[in-house]
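Good morning, everyone, and thank you for making time for this. Please take a moment to look at the chain on the screen, and then I will walk through a few places in it.

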Amino acid sequence: MALALRYRCVAVLVFLLSSPSAFPVVKVKAAALDLFTDKEALLSLKSQVTTDPSNTLFSWNNNSSPCNWTPVSCNQVNQRVVGLDLSGLRLTGSISPNIGNLSFLRSLHLQGNQFTGVIPDQIGALSRLSVLNISFNSINGPIPLNITKCLNLQILDLMQNEISGAIPEELSSLKSLEILNLGGNKLWGTIPPSFANISSLLTLNLATNNLGGMIPDDFGRFKNLKHLDLSINYLTGNVPLSLYNISSLVFLAVASNQLRGEIPVDVGDRLPNLLNFNFCINKFTGSIPWSLHNLTNIQSIRMAHNLLSGYVPSGLGNLPELQMYNIGYNQIKSSGDEGLNFLTSFINSSYLNFLAIDGNLLEGLIPESIGNLSGSLRSLYLGGNRIYGRIPASIRHLRSLALLNISYNYVSGEIPPEIGELTNLQDNQLTGSLPQEIKGLENAAAVDFSHNHLSGSIPDTIGSWKSLEKLFMENNMFSGVIPATLGDVKGLEILDLSSNQISGIIPNNLENLQKLVSMDLSSNRLSGSIPKEIFSLSSLSATLNLSNNQLTGSLPQEIKGLENVAAVDFSHNHLSGSIPDTIGSWKSLEKLFMENNMFSG
């Protein structure tokens, strides 16, 4: 994750009083620049602000000194503007070229707005500027070459804009630069090797662009670099071995590229200060470097979605500060009943909140000691392996667990009654019934119990899952009735109870599910007529499937609310009567199945 920069934020917004044409670009000789020209430059900036939600800059006018304006800082000696902070004010508009007349300006904070247009070339006239932050706007166009004239720049942050073009190699002339943040733009081309000449650089963020080519071998010459993020680009080739010589690195991320080769087994010894290591979504081969498990202060190790093989190396018990460990979707293997015993080593990682070993070739029983993992653990991914046996009852002790995925394994047996905030138990061989008092699901957004052998009735307490948006319980052996309390889950968008043994009628109060997009109750034993209230669910836009039940009665002549649905299936029931003329109002309908009923007319 990118290193957070905490800049001073003053709660001030800008209000437009003058038209942009009132302030043409003014070129003033340096000797003539004074507080008056500072005021003119600021009023020009204000004139190009088109939206000012709070009208905070109403006081910016010719009748007062800019040194008295809230977001403006002046020096005490000669009363010149040295700082401007308009950060986080949701301003729209463009940046006035007259900004270049603020000749004493040392810091310019425009981040967190909605400025458009280009960075004006006149920015290069700000020779005293040490901080330029225009991040999180909608600036486009290239990085102006004139910016390299700001030789005192220490922080250049243009993150999260729409800046395009190649990265100017001339930026390497900014010898005082400590933070260069160009992430989240549309930059293309290759990474300039000359960046390695900026010996003062502490942070280099080029993530989430369209950069290609190889990582420059010259980067090994960095001596002070702490944060390097090259993630989400199109970089190719091997990571140069010289990169592992930057012993000062704290954060190293090259995720989501097309990099290949082996990660040196001694990477942890060569980068002893690492706190975050992210090599996900590449084509790395070889084994998990054992030396990473010797970094006692490391917080995040991520190598998912590669071609790594071999076993999980020892040493996991040496990571007391670890928060995230993700080696999912590789070819890591283990064998025998004790093949997952390495999970026990994470007991010493008391801050662990994310653990993923899914999508590998891991075999074995889930150890009983898994319940002793961090009380902060919220996500546990074990799916897509060769895990067998039962879910240990001790898992109930993971009170913070919001997601447990053991899908696509060979797990069997009943669900422990106090399993906590469980949200994914699909495609296993779980048996038994759901406890009537399932605790910990009040805040779950998605619950998936599908494709198991679960039986018994659906608990009435389902109505207390107020945050639920998606519920998948298909392909089980649930019986009993659809609980009327399901109508209390008013945020539900997807409901799938298909392929069970549910009987009784469809509850009328499902009409309360006004956000429902898809409902599938097919292949059950439902009886009675279709409640007319179902046809009032105008939010249904994907599927209404009631097929393969024992529904009777006729369809109401006035079927309203299904105008947006794409697929309707009433087939294989005992419905009778005529097909309503109002079916012609279902303008979005693409698929209609009504076969094997007793319709007439």
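Let me begin with a definition: a residue is called buried when its relative accessible area is under 20%, exposed when over 50%, and partly exposed in between, with a 1.4 Å probe and protein chains only. What we are looking at is a predicted model, in which local features need pLDDT of at least 70 and side-chain atom pairs count only at pLDDT 80 or more, while totals for chains, interfaces and linings use all residues. Residues are numbered from 1 along each chain as its sequence is written, and side-chain values use heavy atoms, with hydrogens and water left out.

With that in place, Asp266 has a relative accessibility of 27%, so it counts as partly exposed. Asp266 forms a salt bridge (a side-chain nitrogen of Lys or Arg within 4 Å of a carboxyl oxygen of Asp or Glu) with Arg270, and their closest N and O atoms are 4.0 Å apart. Arg270 is itself partly exposed, at 25%.

How many salt bridges are there by this rule? The count comes to 3. Another of them joins Asp218 to Arg221, with 3.8 Å between the closest N and O atoms; here Asp218 is partly exposed at 32%, and Arg221 is partly exposed at 41%.

Then there is Arg80, which pairs with Asp38 in a salt bridge whose closest N and O atoms are 2.8 Å apart. Arg80 sits in the loop between strand 2 (72-74) and strand 3 (81-85), whereas Asp38 belongs to helix 1 (residues 35-47), so this pair ties together parts that are 42 residues apart in sequence. Helices (H or I, at least four residues) and strands (E, at least two) are DSSP runs numbered from the N terminus. Both Arg80 and Asp38 are buried.

Turning to strands, two of them pair if DSSP finds at least two bridges between them. Strand 10 (residues 162-166) runs parallel to strand 12 (residues 186-189), with 3 bridges joining them, and strand 12 is also joined to strand 14 (residues 210-213), again in parallel, by 2 bridges. Trp188 of strand 12 is the bridge partner of Ala166, and Trp188 has Asn210 as its bridge partner in strand 14.

Finally, Ser349 lies in the loop between strand 24 (331-332) and strand 25 (354-356). Is Ser349 buried or exposed? Its relative accessibility is 0%, so Ser349 counts as buried. Leaving aside neighbours within four places in sequence, Ser349 is in contact (heavy atoms within 4.5 Å) with Leu316, Leu319, Pro320, Leu322 and Ser374, and its side chain reaches the backbone oxygen of Leu319 at 2.7 Å.

Technical notes
A polar contact is a pair of N or O atoms within 3.5 Å; within protein, one must be able to donate a hydrogen and the other to accept it, and residues adjacent in sequence count only if both atoms are side-chain atoms.
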